[in-house]
Amino acid sequence: SLDVILAAQFEARRDERPGRVAVAVPAPAGAALPAPTVPIPSVRTASEPIPSARVPSARVPSARVPSARVPAAPRAPAARAHAVRVAWVYPAHSPARVAEEQGVTARLREQGHDVRAFGIPCAHWYTFPELDRRYRGRDPALMAAYERLGEELSGRDVLVAAGGSMLHPDFVARFDGVSVFCSADDPENSELLSRPVAPHFDVALVVNPTSVAAYRAWGCAHVEPIFPALRPERIAAGVSRESILGEERPLDVVLCCEREYGLSDRAQRVEALLRAFPAATVRGPGWPLGPQPQVELYPRARLGWNLHNSTGPCNTRFLELPANGVLQLCDNPDEIGRWFVPGEEIVGFASLDECIDLTHHFLRHEDERRRIAANGHARVLRDYTEAKWFERMLAAVARAQAGAARPTAAAR
């Protein structure tokens with residue numbers, strides 16, 4: 001399998017790596033005891049295949065802190081085949097987020113992958129300015145989390161930053177495996193989240209395809225697009241090609257999104273659609289009826305609007321709508337063909353007037369609506385499951401490891 005092949009590449013490189021060194025974690029202000037050290041691997045050498053992504057940055061000045069050496073971690077026998085060992089780091093800001101990330105990694109382990117989840121306790125995921133302030137201020141909770149994470153990284157081949165700006169570049173720079181930054185928050189949060197940290201990772205996986213060029217311009221070493229993660233619990237039981245083609249759905253149109261953050265004029269666009277379709281179901285934080293689980297709404301809906309704050313496609317609706325048998329009408333029509341066949345598996349629109357016309361059309365042409373919805377559902381289950389998403393991540397790591405060119409053709 002891919003992860004075993006990739007693990008063999010890591011084993012082949014293991015003897016070329018320098019021994020592990022300690023990363024000093026600054027002591028909390030006023031602490032009497034010496035600062036704890038975090039045993040994570042040293043920076044890779046220039047002769048190794050992956051080019052350095054650690055470009056100088058005025059945003060991240062070097063911080064000198066005391067350090068102490070620790071014994072090197074035992075090496076696994078080179079001849080032993082194993083799955084690539086992944087450390088999965090996420091912001092543990094709520095019980096729901098912890099349950100979600102632990103569920104992801106548990107399912108991946110059931111599929112044979114060696115993945116360990118590590119949550120960094122926080123009240124919310126950090127922007128980079130907040131992370132940098134906490135790191136340089138020796139925030140006790142962050143320092144303790146980094147110390148524990150350093151112990152977890154011993155023997156790990158891949159470090160994945162799965163949300164928020166939780167890993168400081170100074171910390172990432174001392175990991176000698178492949179570091180992966182994955183973001184679905186561009187371009188709205190690029191300046192506060194992605195741009196300051198992404199160039200310090202070996203691989204950047206970008207959910208918004210229109211932001212790929214920006215990552216390359218920032219100096220990221222290896223950048224690839226990736227489709228949004230689709231969690232199996234967000235797919236309703238009983239949705240099948242047969243049910244999509246044969247069962248009645250009581251809701252004409254549905255849209256689930258927030259209107260609290262004010263990131264764009266999306267709320268005004270949605271209100272314009274509601275004037276044209278007052279019976280449409282719009283739910284989410286900030287809307288009059290509030291949120292309702294999508295897994296309860298989508299299986300009952302015929303059409304689903306997908307409006308982004310700006311560019312896309314990059315949100316969870318993009319896969320959850322077709323996964324639940326809903327015909328998706330999506331903005332950003334020039335980009336949706338990267339993942340679906342327009343007109344056969346999805347329908348794009350370039351303006352609100354076009355969205356209104358298409359909504360009227362498909363509400364009047366039920367057989368066509370059902371056919372496209374069923375095709376989109378089949379495409380998701382074939383190509384965009386959680387397992388396929390993780391395989392694509394491992395494939396990107398393998399290409400970076402080998403110094404291979406990134407793929408340029410649309411995934412079909």
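**Figure 1. Surroundings of arginine 317 in the predicted model.** Beyond its neighbours within four places in sequence, arginine 317 is in contact with Leu255, Cys256, Cys257, Arg266, Tyr298, Trp305, Asn306, Leu307, Pro322 and Gln328. The structure shown here and in the other views is a predicted model. Arginine 317 belongs to helix 11, which spans residues 317–323. The residue is buried and has no salt bridge. Aspartate 331, the nearest side chain of opposite charge, is 7.1 Å away. A polar atom of the arginine 317 side chain lies 2.9 Å from the backbone oxygen of leucine 307.

**Figure 2. The ring pair of phenylalanine 181 and phenylalanine 201, one of twelve aromatic pairs that a search of the whole structure finds.** The ring centres of phenylalanine 181 and phenylalanine 201 are 5.4 Å apart and the planes meet at 50°, so the pair is tilted. Phenylalanine 181 is in strand 6 (residues 178–183), while phenylalanine 201 is in the loop between helix 6 (190–197) and strand 7 (203–206), so the pair ties together parts that are 20 residues apart in sequence. Phenylalanine 181 is buried, at a relative accessible area of 2%. Phenylalanine 201 is also buried, with a relative accessible area of 2%.

**Figure 3. The edge-to-face pair of tryptophan 339 and tyrosine 384.** Centre to centre, the rings of tryptophan 339 and tyrosine 384 are 6.0 Å apart, with 85° between the planes. Tryptophan 339 sits in the loop between strand 12 (327–330) and strand 13 (347–348), and tyrosine 384 in the loop between helix 13 (366–383) and helix 14 (386–402); the pair therefore ties together parts that are 45 residues apart in sequence. Tryptophan 339 is buried, with a relative accessible area of 1%, and tyrosine 384 counts as buried at 2% relative accessibility. Ring pairs link Trp339 and Tyr384 with Phe227, Phe318 and Phe340 into a cluster.

**Figure 4. Arginines over tryptophan rings.** Arginine 231 lies over the face of tryptophan 389, at 5.0 Å from the ring centre. Arginine 259 lies over the face of tryptophan 287, at 4.5 Å from the ring centre.

Figure 5. Tryptophan 218 is in the loop between helix 7 (212–217) and strand 8 (223–225), and at 17% relative accessibility the residue counts as buried. Leaving aside neighbours within four places in sequence, tryptophan 218 is in contact with Asp186, Ser190, Ser194, Arg195, Ala198 and Pro199. The C-alpha atoms of tryptophan 218 and proline 196 are separated by 8.9 Å, the two residues being 22 residues apart along the chain. The peptide bond from aspartate 186 to proline 187 is cis, with omega near -5°. Proline 187 is in the loop between strand 6 and helix 6.

**Figure 6. Further backbone features in loops.** Most peptide bonds are trans, and most residues other than glycine have a negative phi. From glycine 312 to proline 313 the peptide bond is cis, with omega near 5°; proline 313 is in the loop between strand 11 (301–306) and helix 11. Arginine 138, not a glycine, has a positive phi of about 60°. Arginine 138 lies in the loop between helix 3 (128–136) and helix 4 (140–153) and is partly exposed at 33% relative accessibility. Asparagine 332 has a positive phi near 55°. Asparagine 332 is in the loop between strand 12 and strand 13 and counts as buried at 16% relative accessibility.

Key: Residues numbered from 1 in each chain as written. Predicted model: local features only at pLDDT ≥ 70, side-chain atom pairs only at ≥ 80, totals over all residues. Heavy atoms only, no water. Phe/Tyr/Trp six-rings, centres within 6.5 Å; stacked < 30°, edge-to-face > 60°. Helix = DSSP H or I, 4+ residues; strand = E, 2+ residues; numbered from the N terminus. Buried < 20%, exposed > 50% of the residue type's maximum accessible area, 1.4 Å probe, protein only. Lys NZ or Arg CZ within 6 Å of the ring centre and 35° of its normal. Lys, Arg positive; Asp, Glu negative; His and termini not counted. Salt bridge = Lys/Arg side-chain N within 4 Å of Asp/Glu carboxyl O. Polar contact = N/O pair within 3.5 Å; in protein donor to acceptor, adjacent residues only side chain to side chain. Contact = heavy atoms within 4.5 Å.
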